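Trainee: I have a chain on the screen and would like to learn to read it. Can we go feature by feature?

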Amino acid sequence: MTERKHTTSRGVTRRTAMKGAGAVALAGAAGLAMPSIVHARKDRIRIGFHSALTGLETLLGETQLNCFKMAVDEINAAGGAGGREIEYLVEDNQTTTRGAIDKTRKFIFEDEVDVIVGMITSLERAAALSVSAPAKKLVIYPTYYEGGECQRYLACTGQIPNQSVDPFVPWIAENVGKSVYILGSDYAWPQETAKAISAAFEKVGGETLGTQFFPFGTQDFGPALDQMRAAKPDCVWELFAGADALTFLKQFASYKPGGQLLTNGLDELFTTAVDGANVEGIIVNQSYFSSLQTPANETFLANYRARFGTGKYVNAIAEATYIATWLYARAVEKAGSADTEEVIDAMASLAFEAPQGPVSFDGGNNHLATNSIIGRCRSDGLYDIIENFGAIAPVVPGCKLA
């Protein structure tokens, strides 16, 4: 494995990107330029990884990168992707749209990567796609999100609402209650997920008593918690991003406004980072928890901790990044080529024995059939598994890619 790491914050300008693209086109037309580079890349694959290594989602981005590196090393140790060694480049997009655009441009037009993996927020994904889709370069996005993407050059390995919200809400209605109050960050994932939550509660005869969204960096949720207390919901569903989730959890525990706290957006990385009194009893739906007791997960965690430290935990986003990297390698092997079009076609119906359990890829909408698991948080920030629905096929209405 070869890593070429770039973490400078200076972005690639449009002029630089176009210059790089022009040079590549000229080299192809002339058949003369850079023959040594072409020869050197013949038996290698280059992956570009960029994510939130600083900024709002740093906590998630660092663990995501660890799982990406571990997957690459495992693939190379097993003979590579269809016999091709994987090398990778790492960039920090700083959890910003500008950063995601700049790093995607760099990977495509300067570094000539074969595929791009990574990112946390929907803002990063949308920004990257504004560059990668017109360039017909595959992006594999591993974070659970609001759903709805239907693009040939985007593959998603995280949960979407029909895999998280839809099985979760009937369980909530039966075991907790039928009224909900929703709070979250003010961007696409919380906004669209809130719509799915409200629809799911309505379907089981429940109701949404209030919905509020807040700008990144909000420090005082007191007024919202007062309104929530007055509404007296059975459940409170939080959808905050990154460090804002930690701020909200602490204030919710302090205010004690009532209602069972729920989410499909928390995991061990968050809940082990705060005092247990702030998180004990939270009920969460994710595709993966470190506490899963399966042979695949035990091996996965043992390998992770041997490399990154005893007592370290992995969350659903990082595990889905591990899956994404292996999925790409399997697709290259199946295609017998790193050609983007052939790899995308080869991904359809690929199966993988993941740490979360068996998963498979749906080429009809380019999403993964992920597991849907409910966990209750303990005082140590880890989760007791209380329900496992198994793998659920992804549903993207109106999407027919294959």
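**Reading a helix, a core and a buried serine**

Mentor: Helix H9 (residues 243–255) has 13 residues and spans 19 Å from first C-alpha to last, close to the 18 Å expected at 1.5 Å a residue. The expected span is 1.5 Å times one less than the number of residues. Helices are DSSP runs of H or I, at least four residues, and strands are runs of E, at least two, numbered from the N terminus. This is a predicted model: local features need pLDDT of at least 70, side-chain atom pairs count only at pLDDT 80 or more, and totals for chains, interfaces and linings use all residues. Residues are numbered from 1 along each chain as its sequence is written, and side-chain values use heavy atoms, without hydrogens and water.

Trainee: Which residues of H9 are buried?

Mentor: Buried means under 20% relative accessible area (1.4 Å probe, protein chains only). In H9 these include Leu 246, Phe 248, Leu 249 and Phe 252. Their cover includes strand E7 (179–185) and helix H8 (222–231), with contact meaning heavy atoms within 4.5 Å. After H9 comes Lys 256, with a positive phi near 50°.

Trainee: How many residues has the largest nonpolar core?

Mentor: A nonpolar core joins buried Ala, Val, Leu, Ile, Met, Phe, Trp, Tyr and Cys residues through side-chain atoms within 4.5 Å. The largest here has 101 residues. Helix H12 (residues 316–335) gives the most to this core, twelve residues.

Trainee: Is Ser 372 buried or exposed?

Mentor: Ser 372 is buried, at 0% relative accessible area. Ser 372 sits in strand E14 (residues 367–377). A polar atom of its side chain lies 2.7 Å from the backbone oxygen of Gln 163.

Note on methods. Buried means under 20% relative accessible area, exposed over 50%, partly exposed in between (1.4 Å probe, protein chains only). A polar contact is a pair of N or O atoms within 3.5 Å; within protein, one must be able to donate a hydrogen and the other to accept it, and residues adjacent in sequence count only if both atoms are side-chain atoms.
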